[in-house]
Amino acid sequence: MPVDRPNANLRPLSLHVPEPKFRPGDTVDFSDLAVPPAGAALRPASDAAPDSFRDLAYGLVRVLGEDNRAIGAWDPKLPPDRLRAMLRAMALTRAFDERMYRAQRQGKTSFYMKSTGEEAIAVAAAFALMPDDMCFPSYRQQGLLIARDWSLVDMMNQIYSNRADRLHGKQLPIMYSVREKGFFSISGNLTTQYPQAVGWAMASAASGDTRIAATWCGEGSTAEGDFHSACTFASVYRAPVILNVVNNQWAISSFSGFAGAESTTFAARAVGYGIAGLRVDGNDALAVYAATEWAAERARTNQGPTLIEHFTYRAEGHSTSDDPSQYRSAHEAAEWPLGDPIKRLKDHLIALGEWDEERHAAMDLELAETVKAAAREAEKNGVLGHGLHQPLETMFEEVFEDMPWHLAEQRQEMLDEAKAAGLEIGR
Ligand SMILES: Cc1ncc(C[n+]2csc(CCOP(=O)(O)OP(=O)(O)O)c2C)c(N)n1
Ligand SMILES: [Mg+2]
């Protein structure tokens, strides 16, 4: 015990430990959540100084109103064909997720992660970016690949770690890497993509290129040191990068309060770094599109980075290894006031007279068939549930351009052991 405590008569300190509002079995009431009306947010010029519009980091940019109409300065005024293409990519992302989730449940692969309720965030961004802008995603932006028309069969081959898996079984299922579509390898180590995106953007600018970078991480991941060093570099060098934070309010079983959500918004992180910060309704595809378009214009004209918080809700489990009924109220998803992104865009198109329920139902059927056909095709190359499909030694290959001696030694040791054990999976 300390002997000399001059302030021993003071009240003891206490620690604040955040606690989510609703736990399993609780009735959910989001009525105290501030949801500003669509069309209310100001849209500053893309070359305005970040400190002139700091309110945007605390508000919520919304375009689609309760009447399903687009309203206000952020309305990107997209032609109906583009809206329908965006709706289709979002619905295809959902159909893909449904099928692959079932494939995992059928034992065809070990792991899957859905993006249910968050489809607008990846898809609308892909529509607003140029096709060759470089994306550094987390594991919930499969919508980027789908919006960029990447092969579903190729994605599935990776999920099945089969003979045609371009990554030769080296990555966890869903951790894609698609150079052809400017989609950087997904890393299981949260937030490593942030400094990588900023570094890539700095290199793009330093070499006089015209391409910009965009990156995504979850709100939980903003607690990582990588997030903050990336923001510092992005701010100092005015890197042409869009820093997206997907605030779906949960990080597996930890709620957003553990990443700081009780004190301020995630977009407000931008204020301290002197970066432009926007907080947008992540379930409003038009708001996501408009924010990305605005941020891309800033980046492309050397105005520097923008941090966009997409406020959304993770409608399903974190992954196939998770059971959310153990830690959050089952009523949250249904009560979530910002609705479902696909339904909102669909209803908008219907309000415009450019879509109807019959066409939507027909599209859903067609997309389910497309995904089913792709799965059949991919399954011809094998599924993970039936064992390994790649020679064992591939795990050491294509990581370094020239394999270091110690890895060559380990590979040989492994092959000798496999041979002694009678394992057949080798070249
Ligand atoms: C550095 C690191 N820490 C912890 C984990 C384990 N982990 C994987 S996903 C996850 C939750 C991340 O939540 P969030 O950033 O909000 O993203 P979301 O899953 O909600 O999209 C955690 C803690 C990890 N993969 N890497
Ligand atoms: Mg999260």
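A residue counts as buried if 20 or more other C-beta atoms lie within 10 Å of its own, as exposed if 12 or fewer do, and as partly exposed in between. I begin with that cut-off because tyrosine 139 has 19 other C-beta atoms within 10 Å and is therefore partly exposed. Please keep in mind throughout that the structure before you is a predicted model.

Let me stay with tyrosine 139 for a moment. Its place is in the loop between β1, residues 134-136, and α3, residues 142-147. Setting aside residues up to four places away in sequence, tyrosine 139 touches Met113, Ile174, Met175 and Ile186.

I turn now to the overall layout. The domain assignment divides the protein chain into domain 1, made up of 50-320 + 333-385, and domain 2, which covers 392-420. Between the C-alpha centres of domain 1 and domain 2 the distance is 36 Å.

Next, the ligand. Which residues are the closest to ligand 1? They are Leu190, Gly218, Gly220, Ser221 and Ala251, out of 16 residues that surround ligand 1. Two elements give two or more residues to this shell, namely β2 (213-218) and β4 (250-251). Sorted by class, the shell around ligand 1 holds six nonpolar, seven polar and three charged residues.

Strand β2 leads us to its partner. β2 pairs with β3 in the parallel sense, over six bridges. Within that pairing, alanine 214 has isoleucine 242 of β3 as its bridge partner. Is β3 itself enclosed or open? Seven of its seven residues are buried, so β3 is largely enclosed by the rest of the structure. In a regular strand the side chains alternate between the two faces of the sheet. In β3, Val241, Leu243, Val245 and Asn247 point one way, while Ile242, Asn244 and Val246 point the other way, and all are buried.

Strand β6, residues 276-281, is mostly covered, with six of its six residues buried. On one side of β6 are Ala276, Leu278 and Val280, and on the other are Gly277, Arg279 and Asp281; all of these are buried. The pairing of β6 with strand β7, residues 306-311, is parallel and runs over six bridges. There, alanine 276 stands opposite threonine 306 of β7.

The largest nonpolar core comprises 102 residues. Those with the most contacts inside this core are Met86, Met90, Val123, Ala124, Val241, Val288 and Ala291. Apart from its neighbours within four places in sequence, alanine 291 is in contact with Val61, Leu278, Val280 and Ile308.

I come to the helices. In helix α10, residues 341-351, the buried residues are Pro341, Ile342, Arg344, Leu345, Lys346 and His348. An α-helix has 3.6 residues a turn, so residues three or four places apart point the same way. The cover over the buried residues of α10 includes α1 (80-105), α2 (119-128), α8 (285-300) and α11 (357-379). Just after α10, glycine 353 adopts a positive phi of about 80°.

Helix α11 also contains leucine 367. Is leucine 367 buried or exposed? It has 20 other C-beta atoms within 10 Å, and 20 or more is the condition for burial, so leucine 367 is buried. Beyond its neighbours within four places in sequence, leucine 367 is in contact with Ala91, Leu92 and Ala95. Valine 245 lies 122 residues from leucine 367 along the chain, with 29 Å between their C-alpha atoms.

Finally, two backbone angles deserve mention. Asparagine 68 is not a glycine, although its phi is positive, at about 65°. This asparagine 68 sits in the segment before α1, and asparagine 68 counts as partly exposed because it has 17 C-beta neighbours inside 10 Å. Arginine 238, likewise a residue other than glycine, has a positive phi near 45°. Its place is the loop between α6 (225-236) and β3 (241-247). With 18 other C-beta atoms within 10 Å, arginine 238 is partly exposed.

Technical notes:
Residues are numbered from 1 along each chain as its sequence is written. Chains are lettered from A and ligands numbered from 1 in the order in which they are written. This is a predicted model: local features need pLDDT of at least 70, side-chain atom pairs count only at pLDDT 80 or more; totals for chains, interfaces and linings use all residues. A residue is near a molecule or strand if its C-beta atom, placed from the backbone, lies within 6 Å of it. Helices (H or I, at least four residues) and strands (E, at least two) are DSSP runs, numbered from the N terminus. Ala, Val, Leu, Ile, Met, Phe, Trp, Tyr, Cys and Pro count as nonpolar, Asp, Glu, Lys and Arg as charged, and the others, Gly among them, as polar. Domain bounds come from an automatic or database domain assignment. A nonpolar core is a set of buried Ala, Val, Leu, Ile, Met, Phe, Trp, Tyr and Cys residues joined through C-beta atoms within 7 Å. Two residues are in contact if their C-beta atoms, placed from the backbone, lie within 7 Å. Two strands pair if DSSP finds at least two bridges between them.
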